[in-house]
Amino acid sequence: MAESDAKPKADPARTRVMVEWKHDSPLMACRFDPTGRFLLASAQDNSLQRWELEGGTKTGLVGHQSWVRAFDFIPDGSALVAGDYHGKLLWWPYAEAAPKPLRSLDAHDGWIRAVRVSPDGRLIATCGNDHLVKLWDAVEGKLVQTLMGHTRHVYNVAFHPNGKELVSGDLLGVIKHWDLDKGSVVRELDAKPLHKYDETFRADIGGIRSFAFSPDARLLAAGGITDVTNAFAGIGKPLILLFDWEAGKVRLQLRPKENFQGVVWGIVYHPDNFLAAAGAGAGGALWFWKPDQAQDIHMLKLPNNSRDLALHRDGLRLAVPFYDGSIKIYTMAATS
Amino acid sequence: MRCAYACGSADHGWSRRQFLTGLTASGTLGLFGGGFAGMIHPAAAKELASAQKRVLLIWLNGGVSQLETWDPKPGTNTGGPFRAIPTSVPGIHISELLPHTARQMHHLALVRSINTQENNHAKGAYIMHTGRREQPGMEYPHLGSVMAKLLTAPDNPLPGYIHITPRGDSGFGKQDAAFLGPRYASVTLADGKPPANFSRPEALTDEADQRRNQLRDRLSQRFAQRRRTAETEAYSQSYEQAAQLIARKSIFDLSQESPRDLERYGTHDFGRHCLLARRLLEHGITFVKVSHTNYDTHYDNFDFHLEQLGEFDRTFATLVEDLHQRGLLSSTLVLVMSEFGRTPTINRNYGRDHWGSAWSVALGGCGIQGGAVVGKTNANGTAVVDRMVHGGHLFHTYFRALGLNPHKNHYHNQQPIPMADPTASAIEEVLA
């Protein structure tokens, strides 16, 4: 029997809690490391927390002076790169017994909102409130390129799976498609349903809160909040815009079947061709969609407000960090 | 003839006498109605300007967060992601969201120990505008109306209290004046625009306008001989005021300000509204309130404060500096406040909720000791630990800063009503 045949299948309908750990501060972003040994999450106490999946031992990575809402791993597992709300980018040898930062850069003027490492591990893309997208040499930490053109805070970035192209999305729902060799914009994708100017609140609300390419690069998912009726309280509907990458047009709007108010904070595109997303507002939820169906195929109500979503390399485990400081690992394994 | 409803106190006479004395001393009585800005002699304009006390209230609608403004607590479980930055006053730090305001700190004072015990928008706003909690059967006048009465010379044709709002309808807010009467009501300029029908219809000639006004005057006088009330007084006066306002409508015309000033204040609504506020204060309006909306950030508090205070900071700092440069700050009391602060606890949606228990306001200008900080909250801002004050204390403080006696009474139906809450007192530490 081939190895792939022996691997347990992921079945969203079977999603259930495997394990839960706790930190004493609300958690925000989370990722499994590329070796599959650790789960890391950022917290509102400015730390990153590392849990060993085997045994759940917790270690703090303390060094940021502000919130870390985004981090990513060098694919060989040598470091993670985390961006904070003071605009600093720190390289962490996260697997060491007592990790200390390897490098600290003043990367952006104001918040860093997203950090992504390229598929080949050579580049790091960051974006933030200075309206800029920046590319860094992942090994040397040197600035390689600055991409200008957004007119408002840049909320998210994602590398195309070919590593030569990048998307960045801002508060206004403008997605820019960049050619990294030329350093120029190829086109813009319209994600304006994920933005609203609230006349009562006199402020913009929304933005591209989450991004994910399908592994075959034919689809791009952008998530956030839409149909906002009350910006004061964040009353609106979670929405994922699923773009046909080649056409650059929205192919489908993915929405929860059940009534839910809130934001899509994290999306993963599973290799078995379904999407999972974590959202929160009045409570939390985990949804699963097939890319050809507008309504979710399964929904799991979560016990607290979820803030992100991460997929383990085994394709079976999902991690969700919560406002109450807990982090849960769910399994989608079809069999026990 | 003495007005039957008048209180008979010396308060009216005081402000009028003081004002006219100042005018006579500077020899510029004849220029009174036209405001100060148009005067030829800058020195005379400054002297005249300083003879009148004014108030600028910046109302941060919805409840600005004290932790993202005047009382930051970085590195604590409630502090959020922002830094505290130094200011022009050594030892005073405020949120990094206010870098321009930080450079004006020597003109400002902070009260970091407010406990109004009120988390309701309307009730909190009432406390902050009247210095009292709501009481059944009693409506107290708003600060703007009180100051319009106490600080505006009776023959000043301009409204004493102008409120610039981001939206809504322009008009008159007579409820603000309560028992003081509609004469001291606020005039709302929605989006900085004067009330509708502000200009005389083009079809109406000067002569026809004059004739209809004469007819109305005769009818009003005949009516007033038999029945005289605050309302009829205000009714008659509103026509005079309207006529004189129309003659001075240029004071509302922002196009007369330089493009450079428009750029300095910001091209957004709040920028335009604060530039208009400067213009109104320069032209002798006693009380100008500018509302900036909205800070009711139950969701995404940090994103929204970044956006809203990004507008507020540079504009407000520019206005304070301009008032200083133009010699008006020492005679203009500046207040920055909301109906309450926001919870130290960050909620599940990255928001902060209503919090009246431990929050801050900023004051500056006339009668205020720049660089003073009064009161203290605990390490993570959840409680006042030193010099707890409430709206009544602030109201007393405004009076004292403006050289007024807060222990005097209003008179309504011959009944004395204390101008400020008699159980409170001024916050002496912020007074110059």
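View 1. With 27 C-beta neighbours inside 10 Å, Tyr350(B) counts as buried. Here a residue is buried if 20 or more other C-beta atoms lie within 10 Å of its own, exposed if 12 or fewer, and partly exposed in between, with C-beta atoms placed from the backbone. This is a predicted model, in which local features need pLDDT of at least 70 and side-chain atom pairs count only at pLDDT 80 or more, while totals for chains, interfaces and linings use all residues. Residues are numbered from 1 along each chain as its sequence is written, and chains are lettered from A and ligands numbered from 1 in the order in which they are written. Tyr350(B) is not a glycine, yet its phi is positive, about 55 degrees. Look for it in the loop between strand 10 (341-342) and strand 11 (354-355) of chain B. Helices (H or I, at least four residues) and strands (E, at least two) are DSSP runs, numbered from the N terminus.

View 2. Most residues other than glycine have a negative phi, and most peptide bonds are trans. Gln414(B) has a positive phi of about 65 degrees, though it isn't a glycine. That residue sits in the loop between strand 16 (409-412) and strand 17 (415-418) of chain B, and with 8 C-beta neighbours inside 10 Å, Gln414(B) counts as exposed. Then there's the cis peptide bond between Thr293(B) and Asn294(B), with omega about 10 degrees. Asn294(B) belongs to the loop between strand 8 (287-293) and helix 10 (301-325) of chain B.

**View 3. Two helices of chain B, one enclosed and one in the open.** Nine of the nine residues of helix 5 (residues 143-151) of chain B are buried, so this helix is largely enclosed by the rest of the structure. Among them are Gly144(B), Met147(B) and Lys149(B). Helix 6 (residues 206-226) of chain B is another story: of its 21 residues, the number buried is zero, so it lies largely in the open. From first C-alpha to last, helix 6 of chain B reaches 31 Å, close to the 30 Å expected; the expected span is 1.5 Å times one less than the number of residues.

**View 4. Strand 8 of chain A and its partners.** Five of the five residues of strand 8 (residues 88-92) of chain A are buried, so the strand is largely enclosed by the rest of the structure. Both faces are covered: Lys88(A), Leu90(A) and Trp92(A) lie on one side, Leu89(A) and Trp91(A) on the other. Four bridges tie strand 8 of chain A to strand 7 (residues 80-84) of chain A, running antiparallel, and Val81(A) has Trp91(A) as its bridge partner. In the hairpin of these two strands, which has three residues between them, Gly87(A) takes a positive phi near 85 degrees.

**View 5. A four-stranded open sheet in chain A.** The strand order is 20-21-22-23, with antiparallel pairing; two strands pair if DSSP finds at least two bridges between them. Strand 20 (210-213) and strand 23 (249-254) of chain A are the edges, each pairing on one side only. Nine bridges join strand 21 (residues 219-230) of chain A to strand 22 (residues 235-244) of chain A, and Asn230(A) has Ile235(A) as its bridge partner.
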